[in-house]
Amino acid sequence: MSYKFLSTINFFEIQKVQALLEKNEIISKIESPYHFNVTAGWFDPFCNNNERNVFVLEKDFDRAKKILLNNF
């Protein structure tokens, strides 16, 4: 299964987005874009680190995009 980048979401909206996607039977994956920077030791100390990247299966991408556009 191959995932495709859907959107960057504020940390505080993750639960709402995941609930919408699950309600429509869309499998999602959430990643922190800053995780690798933190572990590498060159994380920007002024960054608030509150964004997450949402990925969905390629077959569900168009449907997931419509769902997010209609609800945000």
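Modeller: I will start with the chain as a whole, then go into the core and finish with the loops beside it.

This is a predicted model, in which local features need pLDDT of at least 70 and side-chain atom pairs count only at pLDDT 80 or more, while totals for chains, interfaces and linings use all residues. Residues are numbered from 1 along each chain as its sequence is written, and side-chain values use heavy atoms, with hydrogens and water left out.

A word on confidence comes before anything else. The mean pLDDT (the predictor's confidence in each residue, from 0 to 100) is 85 for the chain, with 78% of its residues at 70 or more. Helix α2, residues 35–40, has the lowest confidence, a mean of 53, whereas α3 has the highest, at 95. Where pLDDT is low, the predicted coordinates should not be read in detail.

Now for the outline. The chain has three helices and three strands; these are DSSP runs numbered from the N terminus, with helices as H or I of at least four residues and strands as E of at least two. Along the sequence their pattern is β-α-β-α-β-α. Contact here means heavy atoms within 4.5 Å. Take the contacts between residues at least 6 apart in sequence: 78% of these join residues at least 24 apart. As for the interior, 31% of the 72 residues count as buried. Buried means a relative accessible area under 20%, exposed means over 50%, and partly exposed lies in between, using a 1.4 Å probe and protein chains only.

That brings us to your core. A nonpolar core is a set of buried Ala, Val, Leu, Ile, Met, Phe, Trp, Tyr and Cys residues joined through side-chain atoms within 4.5 Å. The largest one here has twelve members: L6, I9, V17, L20, L21, I26, V54, V56, F61, A64, I67 and L68. The biggest share, four residues, comes from α3. There is a general background to this: in soluble globular proteins, nonpolar side chains tend to be buried together.

V17 sits in helix α1 and is buried because its relative accessibility is 1%. Beyond neighbours within four places in sequence, V17 is in contact with I9, L68 and F72. From V17 to A64 is 47 residues in sequence, and 9.9 Å in space from C-alpha to C-alpha.

A64 itself touches L6, L21, I26 and V56, not counting residues up to four places away.

L68 belongs to helix α3 and, with a relative accessibility of 10%, is buried too. Setting aside neighbours within four places, L68 has contacts with L6, S7 and V17. L68 and L20 are 48 residues apart along the chain, yet 8.2 Å separates their C-alpha atoms.

How do the two helices α1 and α3 meet? On the α1 side K16, V17, L20 and L21 take part, and on the α3 side A64, I67, L68 and N71. Two packed helices are described by the angle between their axes and the distance between the axes. Axes are lines fitted to C-alpha atoms, for helices over the stretch in contact, and angles run from 0 to 180 degrees between N-to-C directions. The axes of α1 and α3 come within 10 Å and cross at roughly 130 degrees. Therefore α1 is oblique to α3; under 35 degrees would count as roughly parallel, over 145 as roughly antiparallel, 65 to 115 as roughly perpendicular, and the rest as oblique.

Finally, look at the loops. N24 lies in the loop between α1 and β2 and counts as partly exposed at 30% relative accessibility. Apart from residues up to four places away, N24 touches R63 and I67. E25 is in the loop between α1 and β2 (28–31) and is exposed, at 69%. The phi of E25 is near 60 degrees, a positive value in a residue other than glycine. D60, in the loop between β3 and α3, is buried at 4%. Leaving out neighbours within four places, D60 is in contact with E25, I26 and I27.
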